Amino acid sequence: MTVEKPLIMTVLPVCPYCGAHDVAFYLKSTHVGAAFTTSFWICGGCTHAVIIESAWIDTSGKRDMAGDVLVLPKNKTVIPAPPACDAPRGTPDDIAADFREAKSCLFHKNIKAACILARSALETTAVRQGAVKGGLRDKIRFMAQEHIITPALEEWAEEIKNIGNDAAHAAERRSDLTLEDARDAINFLEMLLTYLYSLPEMIAERRGRGNV
C-alpha cells in the first residue's frame with residue numbers, strides 16, 4: 001500500500017507576487033544545513049514560489065494540532081521579500097490603516113485608490129495636528145503657519161493633495177495618473193509621517209537613554 005506524504009503548509013503575511021494576505025504556502029522541498037534550513041514553498045493563490053531560509057527546524061515537532069501546518073521561526077528570511085506596507089513608527093492607527101491600504105493598492109497597481117487613500121491619510125493627519133477648518137489646502141496652510149511642518153513638507157503635502165484630487169475627479173479633470181504618481185504620493189506621505197511621528201519618538205527614546 002502506498003501512503004501519500006502529508007501536505008505541509010505555512011502561512012505568510014503577504015505573497016510577494018500576488019499580494020494576497022495571510023495566504024497559505026505549501027512545502028515542496030527542504031534542504032537541512034548545519035545551522036539553518038532552506039525550503040521551497042508554493043503560494044496557494046498564484047502558485048509562484050518563494051524560498052524561505054530560517055534557523056534549523058525539526059519538522060517532526062514544529063507542527064500545529066492539525067499536524068499539517070509547519071510553524072516557522074520568526075527570524076526567517078523570505079526570498080523575494082514581501083512588499084513592506086507598515087506605516088512609519090508612531091503613526092496613529094487610523095492614519096496607519098490608510099497608509100497600509102494605499103501601499104497595498106500600489107502593489108496591485110490600483111492607481112486611483114492608492115492616490116485617494118494617500119490624500120485621506122494626509123487629511124486625517126492634518127486634523128490630528130489641530131487643522132480642523134476649511135478644505136485640505138487650508139489645513140496644510142495651518143500646519144505650515146503653526147510651524148508643525150516645514151516649508152518643504154508643505155510643498156510635499158500640496159503634491160499629495162493635488163494627486164489625490166486628480167484621482168478623485170479624474171473624469172472632469174481628464175487626468176491620466178500613472179503608477180509613478182501613486183508611488184510619489186505614498187513616498188511623500190511616508191516622509192511626512194516620519195517627520196511628524198517617527199522622529200519625535202526616536203529623539204525621546206535617545207533622551208531617555210541619557211544620550212542628549
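1. Basis of the values. The model is predicted: local features need pLDDT of at least 70, side-chain atom pairs count only at pLDDT 80 or more, and totals for chains, interfaces and linings use all residues. Residues are numbered from 1 along each chain as its sequence is written, and side-chain values use heavy atoms, with hydrogens and water left out.

2. The largest nonpolar core. A nonpolar core is a set of buried Ala, Val, Leu, Ile, Met, Phe, Trp, Tyr and Cys residues joined through side-chain atoms within 4.5 Å; buried means under 20% relative accessible area, exposed over 50%, and partly exposed in between (1.4 Å probe, protein chains only). The largest such core has 36 residues, of which Leu122, Ile149, Ile186 and Leu189 touch the most other members. Two or more residues each come from α1 (93-107), α2 (111-128), α3 (136-145), α4 and α6 (179-208). The greatest contribution is that of α6, with 9 residues. Helices (H or I, at least four residues) and strands (E, at least two) are DSSP runs, numbered from the N terminus.

3. Ile186 and its surroundings. Contact means heavy atoms within 4.5 Å. When residues up to four places away in sequence are not counted, Ile186 touches Phe99, Ala102, Lys103, Leu106, Ala114 and Ala118.

4. Lys139. This lysine is placed in helix α3. Lys139 counts as buried because its relative accessibility is 6%. Apart from residues up to four places away in sequence, Lys139 touches Glu123, Ala126, Val127, Ala131, Val132, Lys133 and Gly134.

5. Glu158. This glutamate belongs to helix α4 (residues 151-168). With a relative accessibility of 18%, Glu158 also counts as buried. Beyond its neighbours within four places in sequence, Glu158 is in contact with Arg137 and Ile140.

6. Cysteines. A disulfide is taken as a pair of cysteine sulfur atoms within 2.5 Å, and by this rule the count is 0. Cys18 is in no disulfide, and the nearest cysteine sulfur, that of Cys15, is 3.7 Å away. Cys18 is partly exposed, at 26% relative accessible area. Cys46 is likewise in no disulfide; its nearest cysteine sulfur belongs to Cys43 and is 3.8 Å away. Cys46 counts as partly exposed because its relative accessibility is 21%.
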